[in-house]
Amino acid sequence: QLHVKGFLERPDVITLAHTFREGDAAYTRLLADPAVAAVTQRVNFEGIVSAGAKAVYFLGRAVTPAAELAVAPAVFDPTVDTGAFLSVDRPDGVVIGKGLAEILGVDVGDEVAILASTIAGKVNGFDAVVVGIVNPPIPALSKRLLYATLARAQAGLEMPGAYTEIAIGLQPGVVPEAWVAAATPAAETSAPEVGDGLAPDEAPAAAAPARRGPTSGEHLTRR
């Protein structure tokens, strides 16, 4: 993944200083890189998801559905997972871990409510519908995992056009370590604020700023 320089120094919050913006030079450069097979934008965040009287802390990842599956197809396996992955046709949809679904007592088609801190430190809430349930092999992750669409999370977190992470899928035959070594100086030259956390995605590889979920591919548990 690629992060704005300084992002990893505060792994618990989202600040505008540590986000990319639409049209960012690093993202544009990656799209043109012949060694890169796919690129996607993400927002990692966290909050509380509830259904009825049950409320649970979650670790969220907001993604653009098609781009996320291109970079990390293992996030949803239709042969073993339930329902479907996120879709732009269902912007209010979420995909959650099987353990989280069991704790909340929900299934595909059920509604949940999400609370999270905005980037300005306010608490915002929005409703969602469970469209898919995934079964990661790590029980602790299964009890916390939630995927939402990027546009919905950007609106809910009040950070339109901003994202915290760029995930990269490399072409077959490209050596990740060699690509990182070559790409890092270019990233630092084209965008001086970019540098921390540059690594290929291996998943096919209170009045405080918004809290963010885990980074460096922690949600991607199947390869």
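In strand β7, G132 is the bridge partner of V95. That residue pair belongs to the parallel pairing of β5 (residues 93-97) with β7, made over 5 bridges. Keep in mind that this is a predicted model, where local features need pLDDT of at least 70, side-chain atom pairs count only at pLDDT 80 or more, and totals for chains, interfaces and linings use all residues. Residues are numbered from 1 along each chain as its sequence is written, and side-chain values use heavy atoms, with hydrogens and water left out.

**Terms**
- Strands are DSSP runs of E, at least two residues, numbered from the N terminus, and two of them pair if DSSP finds at least two bridges between them.

**Around β7 (residues 123-134)**
- β4 (residues 82-83) pairs with β7 in the antiparallel sense over 2 bridges, and here T82 sits opposite I133.
- β6 (residues 111-117) also runs antiparallel to β7, with 7 bridges joining them; S117 faces V123.
- β6 and β7 make a hairpin with 5 residues between them, and G121 in the turn has a positive phi of about 95°.

**Around β2 (residues 36-51)**
- Because 13 of its 16 residues are buried, β2 is largely enclosed by the rest of the structure; buried means under 20% relative accessible area with a 1.4 Å probe, protein chains only.
- β3 (residues 54-63) is joined to β2 by 10 antiparallel bridges, with F45 partnering G60.
- That hairpin has 2 residues between its strands, and G52 in the turn shows a positive phi of about 65°.
- β2 and β6 pair antiparallel over 3 bridges, with V49 opposite I114.

Terms used. Helix = DSSP H or I, 4+ residues; strand = E, 2+ residues; numbered from the N terminus. Buried < 20%, exposed > 50% of the residue type's maximum accessible area, 1.4 Å probe, protein only.
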